[in-house]
Amino acid sequence: MSVRDLIPWAREESRVPSLFRSGDRDPFLSLHREVNRLFDDVFRGFDGGLPSVGRASAFGGTWPSVEISDNDKEIKVTAEVPGMEEKDIEVLLDDGVLTLRGEKRSETEDKDRQFSERYYGRFERRIPLGYEIEEDRIDARFRNGVLSVTLPKTAKAQSQAKRIEIRS
C-alpha cells in the first residue's frame with residue numbers, strides 16, 4: 001500500500017476537493033475556505049473554544065498577561081490578574097528567577113433559578129531576570145487586579161552594562 005492510497009481523494013479523481021481541482025476553481029469558495037482556516041488556526045490555541053474570563057486554563061499557560069520594563073536602576077514587572085485578590089497571589093524570587101503564582105476558585109449558586117457554576121484556575125509564570133537584585137528592597141503592590149513588582153538592581157548589576165563602539 002502506498003501513502004497515496006491513504007489520501008481519500010487520491011483514489012477517485014472526481015472526489016478531489018475543488019480547491020485542488022484546476023478546472024473547477026471558484027474564487028469566493030477558495031476565499032471562504034482560507035478565512036475559515038485562518039480562524040481555525042487562531043482559535044486552536046484556546047483549547048477548542050473561545051477564551052472566557054473565568055477560565056485560566058483557556059489561555060494556554062500564558063495567563064496572566066505580563067509586562068516587563070528594564071532601566072538602569074530597576075526591573076519592573078506588571079501582571080494583570082483580573083478578578084483575583086491579593087491573598088490568591090504568591091511572588092517568589094529564587095536564584096535570579098521571579099515566580100508569580102496564583103490560584104482562583106469561584107462558586108456561584110442561585111437556588112431560585114436552579115443555577116450553579118464553579119471554576120478553578122492556577123497559573124505560574126517564571127521570569128528569568130538576568131541581573132543581581134537587591135532582595136531586601138523588592139516592592140510588590142496589588143491594586144485593582146494589577147500586580148506590580150519593582151526589583152532594584154545592585155550597584156554591580158548597574159555598572160555591568162557597557163556601551164560598545166560601532167565602527168564603520
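A salt bridge here is a side-chain nitrogen of Lys or Arg within 4 Å of a carboxyl oxygen of Asp or Glu. The model on screen is predicted, and a search of the whole structure returns 12 such salt bridges. The tour visits several of them and then a charged patch.

**Stop 1: Asp110 and Arg113.** Select Asp110 and Arg113 and show their side chains. The closest N and O atoms of this pair are 3.8 Å apart, and the two residues form a salt bridge because the cut-off is 4 Å. Asp110 is partly exposed, at 24% relative accessibility.

**Stop 2: Asp70 and Lys153.** Next, select Asp70 and Lys153. Their side chains meet in a salt bridge, with 2.6 Å from N to O. The pair links distant parts of the chain, 83 residues apart. Asp70 belongs to strand E1 (residues 65–70), while Lys153 sits in the loop between strand E7 (146–152) and helix H3 (155–159).

**Stop 3: Glu134 and Arg137.** Move on to Glu134 and Arg137. These two form a salt bridge in which the closest N and O atoms are 3.0 Å apart. Glu134 is partly exposed, with 22% relative accessibility.

**Stop 4: a network.** Select Glu90, Arg101, Glu124 and Arg126 together. Salt bridges link these four residues in a network. Side chains of opposite charge can pair when their charged atoms come close.

**Stop 5: a negative patch.** Which residues form the negative surface patch? Select Asp94, Asp95, Glu135 and Asp136, which make it up. Within this patch, centre the view on Asp95. Asp95 lies in the loop between strand E3 (89–94) and strand E4 (97–110). With a relative accessible area of 75%, Asp95 is exposed, so it passes the patch cut-off of over 30%.

**To finish.** One is Lys153, buried at 4% relative accessibility and in a salt bridge with Asp70. The other is Asp95, exposed at 75% and part of the negative surface patch.

Terms used: Residues are numbered from 1 along each chain as its sequence is written. This is a predicted model: local features need pLDDT of at least 70, side-chain atom pairs count only at pLDDT 80 or more; totals for chains, interfaces and linings use all residues. Side-chain values use heavy atoms; hydrogens and water are left out. Patches are made of residues with over 30% relative accessible area and no salt bridge: like charges are joined within 9 Å, nonpolar side chains (Val, Leu, Ile, Met, Phe, Trp, Tyr) within 5 Å. Accessible areas come from the Shrake-Rupley method with a 1.4 Å probe; for residues, only the protein chains shown count as cover. Lys and Arg count as positive and Asp and Glu as negative; His and the chain ends are not counted. The place of a charge is taken as NZ of Lys, CZ of Arg, CG of Asp or CD of Glu. Helices (H or I, at least four residues) and strands (E, at least two) are DSSP runs, numbered from the N terminus. Buried means under 20% relative accessible area, exposed over 50%, partly exposed in between (1.4 Å probe, protein chains only).
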